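These are my notes from going through one model. I kept the entries in the order in which I looked things up.

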Amino acid sequence: MKYYILLLIILLFSTSCKDVWESPDKDVWIDFHGNTAILATQSTLPPSKEYVRIAVASMTTPDETIYKYNDLFNYMEERLDRQIMLFQRKTYKEVNDLLKHNDIDIAFICSGAYITGVEDSCFKFFLLPERENQWHYHAYIIVKKNSPINSFAELKGKKFVFSDSLSNTGMFYPLKRLHDLNTTPEAFFSKTSLSNAHNNSIELVSRGLVDGASVNSLIFDYIKETEPEKVANLKIIETSIPFGMPPLVVSNNINKVLEQDLYNILTNMVKNKQGRDILRSLMINRFVPASDTIYDGIRKMKAEVSYLSVN
């Protein structure tokens, strides 16, 4: 398994990481059974193959996404009797656009991107990951462990990294904190930047390249569980109120049979050992149906900070 993951990373990044991120016409085609990964345009994909088009929003970098979701995609392929085409995009908006144009069937997206996508009729809610019998997660404000900074207010005049313009924890929440302080990113921080992934934000703080970041608690906790050395020199100085978990969504035009098959496979994972083991590796208990109202708090927060932006 380690060799397979390493092979995927080499194939993806030795070809050109920049090309994967910056060209909207190139997608990562992964044949999980054949242990291969190539870069290809949609026109070169095997037309005779039946496949399910999946995207995972860039909450983590491409190599981390493949590592984390590989077993789940294998599990889905076996039960769907279809191959999976994994789409990777640099920003949450690009994934929303893929859904809106029916270029993908299903996606794992951020809660902030969900709110924006619903407003733009990009997709429909599908399932919610449940973790420790909870349907919520948090934003963590993080700094280095040896930093004298112990509150968000003490980040004034410091370097701060946001993750994505549509990120709930990586954008909306820190903007809300600035709103509460009656200030703006430009006036409060000495410098701001975008990392495009929460694990990138974590690494930037860990290496001392920025003073602070606001990150997804699910990503931080996953790294702490699987690679604790990567967060050993960090401390959480603030934990947000609970937010509705990042959902799974499907295209408005998804094939109805495929939609039902996906629903049955994902919601029934908890009923067999292989499924439970995969869910446990993702640090969730099960996939469940839920009400869209769980995101009302994020909607309110997004509306409050709509006048703020990060350049």
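I then looked up the geometry: the axes of α7 (residues 198–206) and α8 (residues 217–226) come within 9 Å and cross at roughly 65°. Axes are lines fitted to C-alpha atoms, for helices over the stretch in contact, and angles run from 0 to 180 degrees between N-to-C directions. The two helices, α7 and α8, are therefore roughly perpendicular to each other, a term that covers 65 to 115 degrees, with under 35 roughly parallel, over 145 roughly antiparallel and the rest oblique.

**Basis of the model**

I wrote down that this is a predicted model, in which local features need pLDDT of at least 70 and side-chain atom pairs count only at pLDDT 80 or more, while totals for chains, interfaces and linings use all residues. Residues are numbered from 1 along each chain as its sequence is written, and side-chain values use heavy atoms, with hydrogens and water left out.

**The sheet beside them**

I traced an open sheet of five strands in the order β10-β9-β11-β8-β12, with mixed pairing. Its edge strands are β10 (191–194) and β12 (234–239), each of which pairs on one side only. The twist averages 30° from one strand to the next. Two strands pair if DSSP finds at least two bridges between them.

I followed β9 (residues 159–162), which pairs with β10 in the parallel sense over four bridges. Lys 159 stands opposite Lys 191 in β10, and Phe 162 has Leu 194 as its bridge partner in that strand. Two bridges join β9 to β11, and these strands run parallel; Gly 212 in β11 is the bridge partner of Phe 160.

Where do the two helices lie on the strands? I found α7 across β8 (139–144), β9, β11 (212–216) and β12, running at about 150° to β11. Helix α8 lies across β8, β11 and β12, at about 90° to β11.

I checked α4 (residues 111–119) and α11 (residues 296–304), whose axes come within 10 Å and cross at roughly 80°. Their contact residues divide into four nonpolar, two polar and three charged.

**Loops and totals**

I looked up Asn 182, which has a positive phi of about 55° although it is not a glycine. Asn 182 is in the loop between α5 (168–180) and α6 (185–188). Is Asn 182 buried or exposed? At 73% relative accessibility, Asn 182 counts as exposed. Exposed means over 50% relative accessible area, buried under 20%, and partly exposed in between (1.4 Å probe, protein chains only).

Last, I noted eleven helices and 15 strands in the protein chain. Helices (H or I, at least four residues) and strands (E, at least two) are DSSP runs, numbered from the N terminus. Of the 311 residues of the protein chain, 53% count as buried.

Note on methods
Contact means heavy atoms within 4.5 Å. Ala, Val, Leu, Ile, Met, Phe, Trp, Tyr, Cys and Pro count as nonpolar, Asp, Glu, Lys and Arg as charged, and the others, Gly among them, as polar.
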